[in-house]
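Subject: Structure handover

Hello,

Here is the structure I promised to pass on. Please open it first, then read the notes below.

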Amino acid sequence: MELAQLALAGDESAFGEIVRRYSPRVFSVASRFFRQRSSVEEAAQEVFLKAFTQLKSFEGRGSLEGWLTRIDTNTCLNMIRSAKRRVELSVSDLAEDENRWLDQQVADVGSESQHSVEQTLIAADLADRVLNVLAPEDQLALLMIDGEDASIKEVAEATGWSESNVKVRAFRARKKVREAMEKLLKPRIGGAVRNER
Amino acid sequence: MRDEHIIEILDSGPIHSLSVEQRELVRLHSQTCGDCGGAYQAAMLANTVIKSRTQTVIEPSPFFQTRVLAALRERQVEENVPVLVRLWKSAGALVSSMAVATVALAALSFTVPTLGPTTEQTATAYSAESVLLDQGDDDQVTYEQVLSTIYEDDEAK
């Protein structure tokens, strides 16, 4: 609060300290939405510039981190809304390594395999494609709850949505992603069954 | 109906947060029902890719703080510039080109009338009389020349 007051009074070094202290958190939130460093940095910079101009509205009732997270989430949602999203995903949209990864997963079904860094990156690319069929708000709810193990309440606090809204968004997103994944797996499972015969 | 119930369980929350009873129910049912088996596998994989997606977090670079403060100063400078100057910055090029075009048009409209006498001279050279009666001296053929041409033709025959 003290830092915020000093920054509001025009103390640039106090604002610099806010940036230094909270930028890891702001970057972490922006990383939910973007995977390219340039996009994350652009979003984070915009968050701090907005925060500086809106410091008057921060009344110190909540934490500065929570307030910045809210600005961060809204800024990233606005940025992602302007990007075009796909309505549907098909097997032909996948890259070769993503197809190989899926084949391997179907073959290793039931086994708890450890993924290498490269495999994790391929899975993350695939996640981006699958998540692209969702509305940005639904993506966020799913990534926070299923990806980061956040509670419904935590998502509601970070976004300003009601808890029931978060529940509905997460349910809808989970269903859509499962269906999209099922569609990608169907030819593989069919092929596996045919091969077994 | 039973199948629907199992798919509903899959979508109700993160797959890893299902209770032991729910997991057992899904596992047993998936063994006998192909559709639910596929849905279960898809839900598991969807959870894996989403977990992978959240594992990558980008850290701020050491220069980020400097960059933000520089951007802030730049924005403050922009805000302190008077409105007219800001307007001129954004529309200056357009206004300048319009002014140049106007001056050029004005200059042309004053210089074009000086070409008038030349046009008049041309008109004098081709007088109405010469055009209508074609009585100019240059290409006139005499009466004798006409007669001699006719008789020359007859003599030739």
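A residue is buried if 20 or more other C-beta atoms lie within 10 Å of its own, exposed if 12 or fewer, and partly exposed in between, with C-beta atoms placed from the backbone. By that count, 15% of the 157 residues in chain B are buried. In chain A, 33% of the 197 residues count as buried.

Some housekeeping. This is a predicted model, in which local features need pLDDT of at least 70, side-chain atom pairs count only at pLDDT 80 or more, and totals for chains, interfaces and linings use all residues. Residues are numbered from 1 along each chain as its sequence is written, while chains are lettered from A and ligands numbered from 1 in the order in which they are written.

The chains

Chain A has nine helices and zero strands. Chain B has eight helices and zero strands. Helices (H or I, at least four residues) and strands (E, at least two) are DSSP runs, numbered from the N terminus.

Two residues are in contact if their C-beta atoms, placed from the backbone, lie within 7 Å. In chain A, take the contacts with a separation of 6 or more: 69% of them join residues 24 or more positions apart.

Inside chain A

Start with helix α4 of chain A, residues 64–81. The expected span of a helix is 1.5 Å times one less than its number of residues. For the 18 residues of α4(A) that gives 26 Å, and the end C-alpha atoms are 26 Å apart, so the two agree. Buried residues of α4(A) include A:W67, A:L68, A:D72 and A:C76. Their cover includes α2, α3 and α8 (152–159) of chain A.

Next, α5(A) and α6(A). They pack at about 105°, with axes 10 Å apart. Roughly perpendicular is therefore the word for this pair. The classes are: under 35 degrees roughly parallel, over 145 roughly antiparallel, 65 to 115 roughly perpendicular, and the rest oblique. Axes are lines fitted to C-alpha atoms, for helices over the stretch in contact, and angles run from 0 to 180 degrees between N-to-C directions. A:D97, A:E98 and A:W101 of α5(A) meet residues of α6(A), including A:Q119 and A:I122.

Between the chains

How many residues of chain A are in contact with chain B? There are 42, and they meet 33 residues of chain B. On chain A, helices α2, α3, α6, α7 and α9 each supply at least two residues of that side. The side divides into 22 nonpolar, eight polar and twelve charged residues. Here Ala, Val, Leu, Ile, Met, Phe, Trp, Tyr, Cys and Pro count as nonpolar, Asp, Glu, Lys and Arg as charged, and the others, Gly among them, as polar.

Look at α7(A) and α3(B). Their axes come within 9 Å and cross at roughly 95°. That makes α7(A) roughly perpendicular to α3(B). A:L142 and A:L143 are among the α7(A) residues in this contact, and B:N47 and B:I50 among those of α3(B).

The cores

A nonpolar core is a set of buried Ala, Val, Leu, Ile, Met, Phe, Trp, Tyr and Cys residues joined through C-beta atoms within 7 Å. The largest has 39 residues, and A:L142 and B:V49 are among those that touch the most other members. α3(B) gives the most to this core, with nine residues. A second, separate core of 23 residues includes A:F33, A:F34, A:F52 and A:C76.

Best wishes
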